[in-house]
Amino acid sequence: MKRTWPLALGLALSLSALAAGLGVGSTPYLGWHLAARWTARVGFPIFLTTYLASSLVRLSPAAWSRSLVRQRRWWGLGFAASHTVHLLALIMALRLDPAPRPLASLIPGGIAYLFILAMALTSNDAAMRALGRNWKRLHATGIHVIWLIFTLAYAKRIPVPETRQVGLVMTILALAALLARVLAHRRRGAQAFA
């Protein structure tokens, strides 16, 4: 349990958000809708922790950042567990929605879920050995696709008055995380030539 606690944290937070949404919603649809929204929100910081782990150790090498890198796999699995709960809530909200969404609007999220599943299934040493260089390609592509889907999902909420504040904060966090990755990549390049 000592190493796997980020997985337990992701699951506990998402189940708590699910229960809160269902408890607060005045109808089954509103409950599942809130559960879907809140499970996405609790999964986002877990995702950002995974997204930033290797960059933070380059930008601020310390015991805490090295610990993040050592546990990065478990943070990623914690995010996958959290977002599996989110998927359940989302499916229920969509099934109860009186105005169904067009299929095309579900494609970006579907792509993100394919990457989440592929990355979770290959988050082990055996898969790393079997896939070789393709393992890194899969995980690098997947984490950036998931980042993009989160960023676009929150950015589109900025023009809507009811969701403007959350959309703005989450979009800023996503862009700050990308900036940290860019700075860490530049630092790594500079150190290679030093």
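Student: At what angle do helix α5 and helix α7 pack?

Tutor: Keep in mind that this is a predicted model. Take α5 as residues 107-121 and α7 as residues 133-155; their axes run 9 Å apart. α5 passes α7 in a left-handed crossing. The packing angle is about 145 degrees.

Student: And how do the residues of that contact divide into nonpolar, polar and charged?

Tutor: On the α5 side you'll find Phe115 and Met119, among others, and the α7 side includes His139, Thr141 and Gly142. Sorted by class, the contact residues come out as 12 nonpolar, 3 polar and no charged.

Student: Which kind of aromatic pair do Tyr51 and Trp147 form?

Tutor: Tyr51 sits in helix α2 and Trp147 in helix α7, so the pair ties together parts 96 residues apart in sequence. Both residues are buried. Their centres are 6.3 Å apart with 10 degrees between the planes, and planes under 30 degrees apart count as stacked. So the pair's label, going by that cut-off, is stacked.

Student: Which residue lies over the face of Tyr51?

Tutor: Tyr51 belongs to a cluster linked by ring pairs, with Phe44, Phe47 and Phe79 among its members. At 4.5 Å from the Tyr51 ring centre, the residue over the face is Arg181.

Definitions and conventions. Residues numbered from 1 in each chain as written. Predicted model: local features only at pLDDT ≥ 70, side-chain atom pairs only at ≥ 80, totals over all residues. Heavy atoms only, no water. Axes fitted to C-alpha atoms, helices over the stretch in contact; angles between N-to-C directions. Helix = DSSP H or I, 4+ residues; strand = E, 2+ residues; numbered from the N terminus. Left-handed = near helix turned anticlockwise from the far one by under 90°. Contact = heavy atoms within 4.5 Å. Nonpolar A, V, L, I, M, F, W, Y, C, P; charged D, E, K, R; others polar. Phe/Tyr/Trp six-rings, centres within 6.5 Å; stacked < 30°, edge-to-face > 60°. Buried < 20%, exposed > 50% of the residue type's maximum accessible area, 1.4 Å probe, protein only. Lys NZ or Arg CZ within 6 Å of the ring centre and 35° of its normal.
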